Amino acid sequence: MELHKYRPPVSFGLGGVALGNEFEFVTDAQAEETLEAAWEAGVRYFDTSPWYGLGLCERRFGRFLHQKPRDEYILSTKVGKLLKASPGNQAKKYFPFTASPNDPLFDYTADGVRRSLEDSLQRLGIDRVDMLFVHDLSPDNMWLPESWETLFGVAEKGAFRALSAMRDEGMIKGWGMGVNCPEPILRCLEVADPDICLLARQYSLADHKHALEEVFPRARKAGVSFVIGSSLNAGFLAGKPRYNYGAENYRIPEDQLKKRAALQRVADSHGVDLRTAALQFSAAPDVAAALVVGAASSTQVLANATAMKTKITPDFWQELKSTGLIDEAAPVPQTEFEPA
């Protein structure tokens, strides 16, 4: 792996989707409590985006983080969408639980990337971010104004070059794709020089084979690592009645319901919390630089932080492999137990 590629120095972070009111109403007071609990639990990486609540998450993160010493935490946000406020905004079409006055404007040009960063810094009230991810330039994004391939061509000539220049100038430490599907990441590896990508919903107990066989080997060759997001598939592996993101995430595939039930049976037989196992599994690969997990309450964020330090017996992972519930080649956490 190339040594010059940026890799964050912390391996666990708080993701901002839930604090952008993606799934439910979260008050400012609840968001502040969640962020405070994360900080007290030792979390020092925070990932946000203009998209999360159309500015809501960035404002909440910034209100909390601008009080903290800037050198004590890592911060990432996204580019590719600009926000424009208007009295006739359609924010609730995208996020029913947000009170944002903004509409999103997709822009993957060089100027758009620079404007996006400037706008984010103003919402955050912070002087710099560490990583930028080109957001949702992906086949699954139903809101794109043109095909993702067309806009990828725009990004290749615009956003990618601008981000590399910003990195080389010291404005940011690293950049990459932040998407739900593998194709944009693989193509970016061919045409640009990203440092680290946000791999959302692509590496979890529920779904990981393609990442193992295709994405990870290509990334290793390019010296690129990953921030792993949605290790719970938007809460699915923690028992929530949804699978991944989107307006129809309540339509859970039957095969995934069966797989979750099978995973739960094995977890129960070993006395293992399935959410804990899911988080640790997604953090295990060598190319996983960091894991970001969302939370909408202090209780959730403390449970997530605790899960990363909880021991799981090796027999649990072995049974998952022997029963085919996880791929035989999948890395698993290495836990050393003291002899009885």
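Strands are DSSP E runs of at least two residues, and helices are H or I runs of at least four, numbered from the N terminus.

A word on the source: this is a predicted model, where local features need pLDDT of at least 70, side-chain atom pairs count only at pLDDT 80 or more, and totals for chains, interfaces and linings use all residues. Residues are numbered from 1 along each chain as its sequence is written, and side-chain values use heavy atoms, with hydrogens and water left out.

Now let's zoom out. Eight strands close into a barrel, in the order β1-β2-β3-β6-β7-β8-β9-β10, with parallel pairing. Ignoring direction, neighbouring strands of this sheet are turned by 25° against each other on average.

On to the helices. Helix α7 (residues 182-191) packs with helix α8 (residues 209-222) at an angle of about 20°, their axes 10 Å apart. Axes are lines fitted to C-alpha atoms, for helices over the stretch in contact, and angles run from 0 to 180 degrees between N-to-C directions. So α7 is roughly parallel to α8, a term for angles under 35 degrees. Who touches whom? From α7 we have P182, I185, L186, L189 and E190, and from α8 we have H210, E214, V215, R218, A219 and A222; contact means heavy atoms within 4.5 Å.

Thanks, everyone!

Key:
Angles under 35 degrees count as roughly parallel, over 145 as roughly antiparallel, 65 to 115 as roughly perpendicular and the rest as oblique. Two strands pair if DSSP finds at least two bridges between them.
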